[in-house]
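Visitor: Please take me through this model, and whenever you put a label on something, tell me what the label rests on.

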Amino acid sequence: MKLRFPLLAVVLPLLLLLLPRRSSAEEAATCSGIVPMKPRSQTISISDFGGVGDGAFLNTNAFREAIYRIEHLNRPGGTLLHVPAGEWLTGPFNLTSRMTLFLARGAVIKATQEWQKWPLIDPLPSYGRGRELPGGRYMSLLHGNGLQDVIITGDNGTIDGQGDVWWNMWRQRTLPFTRPNLLEFMHSSDILISNVVFKNSPFWNIHPVYCSNVVARNLTVLAPYDSPNTDGIDPDSSTNVCIEDSYIATGDDLVAVKSGWDEYGIAYGRPSSDITIRRITGSTPFAAIAVGSETSGGVENVLVEDVHIFNSGFGIHIKTNGGRGGYIRNVTVSNINMDKVRKGLRIAGDVGDHPDDRFNPDAIPVVSGLTIKNVWGVNVQQPGSIQGIKNSPFTGICLYNVKLLSAGPQEVPWKCADVSGSAALVQPGPCSELSSTYGTGICSTEI
Ligand SMILES: *[C@@H]1O[C@H](CO)[C@@H](O)[C@H](O)[C@H]1NC(C)=O
Ligand SMILES: *[C@@H]1O[C@H](CO)[C@@H](O)[C@H](O)[C@H]1NC(C)=O
Ligand SMILES: *[C@@H]1O[C@H](CO)[C@@H](O)[C@H](O)[C@H]1NC(C)=O
Ligand SMILES: *[C@@H]1O[C@H](CO)[C@@H](O)[C@H](O)[C@H]1NC(C)=O
């Protein structure tokens, strides 16, 4: 009797520990641990550098000076640059290592529309020229080259590219050079982008290129449905990239994994690998999740899961072209939900333009080991097409439990050519090229 209380005191906590709680299996899977959030040892504010958040004052020098200060203070724990509520108009500026850019609730970093003032930078070596036009390209609004340990976060503050001036130049064909990204990191590692809104980028929104260890999570990325080339997040020739828990609605692909363009990308030879894309919701006239079409450095080990797509062109689009070279292999796409999509799945070997006529037509891309499973779609106009390259078929293409239901009474069939693999539980019934196989291991990745 005497022992009861002490015993309970020991046993009860132990029992509680053993009781089934939300086990780790039930907890949402995440890759965001590769770049953890961390505090900084010092904080400075843009207001201390002459910044004015009135929407009219141009803060380019304030940002450059604040970041110059961070670079030269070089605190071991890094420095946080606080951007308070307000509209902070600015031209493009470089970030630096070991810094956090923090956008408070109500803070908007707004790109100047005086586009003539945007510096030009060299084309990416893996593209050989600007993506849109020959020659250089405009520097991104926020730019980082050769950096480590950079965090861009906040309390839902906004980075607004005010891109319409650029979109109009594109529409009127008066662009002198390739439009700028909203945020670009080159040759950088340990980058975390979270809890902010990206809006109205002139071109692609977030572009990590030649980077490793990049986390983009809990983001909102917005651009009008008809805004040209406003891709959401484009990991390009980068490894260990984690994109999670974001809402993206733009005028082009929501997430597109890339790795360089034709002969330039082949020569540069920098693949994209180990890319996780998880819990993304959104809408676009193009693809929710794309691989390509620029994949000349190769793309492998891509995991896409828990994606909800509505009012979109394509659900999943894996695209390359003759002359691209490179490879796309070991891509797994699962738990995808679609509503009102023109084409659920498109895998194609004839997509995208060439940088110039010096591409090698014999540089045939190799596409193998693509698993698409647990896909559910309603109001899908066409289930999809899988079209490889003549004499270089796409292999190991596996569809499992893919149901893409049309709105109308008419069922549109799949279209396939130059492809091999397997399919089971596919509705409408898969094309004969994917011989129907039942049983275990049907999607064992063939590489
Ligand atoms: C940004 O940094 C690069 C070096 O990475 C430098 O060449 C360039 O002049 C800087 N641009 C601005 C606008 O500070
Ligand atoms: C996501 O970001 C919002 C602000 O944009 C913040 O309030 C919320 O706590 C964040 N959630 C997570 C899980 O980090
Ligand atoms: C953040 O802002 C976006 C865009 O305005 C909004 O849709 C979203 O609900 C906001 N999130 C939070 C947590 O405030
Ligand atoms: C294929 O990619 C997954 C990530 O989606 C990775 O876990 C796995 O190791 C890769 N397989 C091979 C054979 O590289």
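Visitor: Where does Asn195 lie?

Guide: Asn195 is in the loop between β14 (189-194) and β15 (197-199), where strands are DSSP runs of E with at least two residues, helices are runs of H or I with at least four, and both are numbered from the N terminus. Please keep in mind that this is a predicted model, in which local features need pLDDT of at least 70 and side-chain atom pairs count only at pLDDT 80 or more, while totals for chains, interfaces and linings use all residues. Residues are numbered from 1 along each chain as its sequence is written, and chains are lettered from A and ligands numbered from 1 in the order in which they are written.

Visitor: Why is Asn195 called partly exposed?

Guide: Asn195 has 18 other C-beta atoms within 10 Å, and the rule, with C-beta atoms placed from the backbone, calls a residue buried at 20 or more such atoms, exposed at 12 or fewer, and partly exposed in between. The value of 18 falls in between, so Asn195 is partly exposed.

Visitor: What makes the backbone of Asn195 worth a remark?

Guide: Asn195 is not a glycine, yet its phi is positive, at about 60°. Most residues other than glycine have a negative phi, and most peptide bonds are trans. Asn391, in the loop between β25 (366-387) and β26 (394-404), also has a positive phi, near 65°. With 7 other C-beta atoms within 10 Å, Asn391 is exposed.

Visitor: Which peptide bonds are cis?

Guide: The bond from Gly292 to Ser293 is cis, with omega near 0°, and so is the bond from Gln427 to Pro428, with omega near -5°. Ser293 belongs to the loop between β22 (287-291) and β23, and Pro428 to the loop between β28 (419-427) and β29 (434-436).

Visitor: Which residues are around ligand 2?

Guide: Asn195 is one of them, together with Asp155, Asn156 and Asn218, where a residue counts as near a molecule if its C-beta atom, placed from the backbone, lies within 6 Å of it.

Visitor: What is the make-up of that shell around ligand 2 by class?

Guide: The shell has no nonpolar, three polar and one charged residues, given that Ala, Val, Leu, Ile, Met, Phe, Trp, Tyr, Cys and Pro count as nonpolar, Asp, Glu, Lys and Arg as charged, and the others, Gly among them, as polar. Around ligand 4 stand Asn301, Leu303, Asn330 and Thr332, and the elements giving two or more residues to that shell are β23 (299-319) and β24 (327-348). By class, the shell of ligand 4 has one nonpolar, three polar and no charged residues.

Visitor: How do you know that β19 (residues 239-249) and β21 pair?

Guide: Two strands pair if DSSP finds at least two bridges between them, and nine bridges join β19 to β21, which run parallel; within that pairing, Ile248 has Gly282 as its bridge partner. Nine bridges also join β21 to β23, again in parallel, with Ile280 opposite Val307.

Visitor: What makes you say that strand β21 (residues 272-283) is mostly covered?

Guide: Ten of its twelve residues are buried.

Visitor: How many residues does the largest nonpolar core have?

Guide: This core has 107 residues, and Ile289 and Ile316 have the most contacts inside it; such a core is a set of buried Ala, Val, Leu, Ile, Met, Phe, Trp, Tyr and Cys residues joined through C-beta atoms within 7 Å. Its largest share, ten residues, comes from β24.

Visitor: Why does the radius of gyration agree with a compact globule?

Guide: The rule, 2.2 Å times the number of residues to the power 0.38, is set against a radius taken over C-alpha atoms. For 447 residues a compact globule would have a radius near 22 Å, and the protein has 24 Å, which agrees. Of these 447 residues, 52% count as buried.
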